[in-house]
Amino acid sequence: MSTDWDAERYHRLSDPQLGWGRRVLSKLAPRPGERILDLGCGTGRLTTEVLAAMRSGCVVGLDRSEAMLKEAAARTVQTAANLHEVRRPPDHIHLVRADGAHLPFAGVFDAVFSAATFHWIADHARLFAGIYGALAPGGRLVAQCGGGPNLATLLGRAHTLMELPSYREWFRDWRDPWNFADVPSTLVRLENAGFTMVHVSLEPGPTTLADAPSYMEFLSCVCVRHHVDRLPPSARPLFLAALARDAESDDPPFTLDYWRLNLSAVKPAGAERAA
């Protein structure tokens, strides 16, 4: 599997994720002075918006990708320069490298925010237990990730290609690197972690790319990057071109069949500070 993201490309291509994240942020409704964890902050596009929404407070951007955090650090410095005419990150944004399933915090956050990240974490029971522990009593979780039949059409086509003789040898020990959870399972896991006021829903988020080159670049950086990384360089364009040819016949063409799992929950005010 891939060792890390191409963070600069992801920052440039991730407008769909940014749009979804902004809607999640509007549901979070950050309050002045809060301490908020942006779990899976990526290149920090939303981390700075979380801080801007509450104007004062502390935001911790957490990601397990070193490349993403380096890009986020550079972008945060630039944002600070644009807003404050200084060449340093704001003191109230901190970037931490850690695994979302093994959070290094206990009872410190008023809210945990996440967009387009949870589906990259295999163990959602451990994930939700860690978030519960990281929240202060009365703290809230507001998040969105891929869920249900997310990208089923695209990934089905990719799997068909993987079985062809020309590609099969590169995928012999393949394991899906994502976990697209459903609504009932997510409800149970959140409740088992101790959360109350649990709400989970699934909604379509079809996303259309402009043309075949845009579609292939987006796929190679985001949706099938693990597939592409397995292939020798000479085979990668052919694999992506085959997926683009299939997508050209869709209505509308070059549309990704995204599905978004929305979830919110609250740690009870009377809960112990450290779970």
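This is a predicted model: local features need pLDDT of at least 70, side-chain atom pairs count only at pLDDT 80 or more; totals for chains, interfaces and linings use all residues.

Is C223 buried or exposed? I get 6% relative accessibility for C223, so it counts as buried (buried is under 20% relative accessible area, exposed over 50%, partly exposed in between, with a 1.4 Å probe and protein chains only).

Residues are numbered from 1 along each chain as its sequence is written, and side-chain values use heavy atoms, leaving out hydrogens and water.

Next, disulfides. I searched the whole structure and found 0, taking a disulfide as a pair of cysteine sulfur atoms within 2.5 Å. For C223, the closest cysteine sulfur is in C221, 9.3 Å away, so too far for a bond. For C58 it is in C41, at 13 Å, also too far.

Then I looked at helices (DSSP runs of H or I, at least four residues, numbered from the N terminus). The axes of α2 (residues 15-28) and α3 (residues 45-54) come within 10 Å and cross at roughly 25 degrees. That makes α2 roughly parallel to α3 (angles under 35 degrees count as such). I took the axes as lines fitted to C-alpha atoms over the stretch in contact, with angles from 0 to 180 degrees between N-to-C directions.

Which residues meet there? D15, L18, G21, R22 and L25 in α2 meet R45, L46, E49 and V50 in α3, contact meaning heavy atoms within 4.5 Å.

Last, Q17, which sits in α2. At 9% relative accessibility, Q17 counts as buried. Leaving out residues up to four places away in sequence, Q17 touches Y10, A116, F218, V222 and Y258.

Terms used: Helices (H or I, at least four residues) and strands (E, at least two) are DSSP runs, numbered from the N terminus. Angles under 35 degrees count as roughly parallel, over 145 as roughly antiparallel, 65 to 115 as roughly perpendicular and the rest as oblique.
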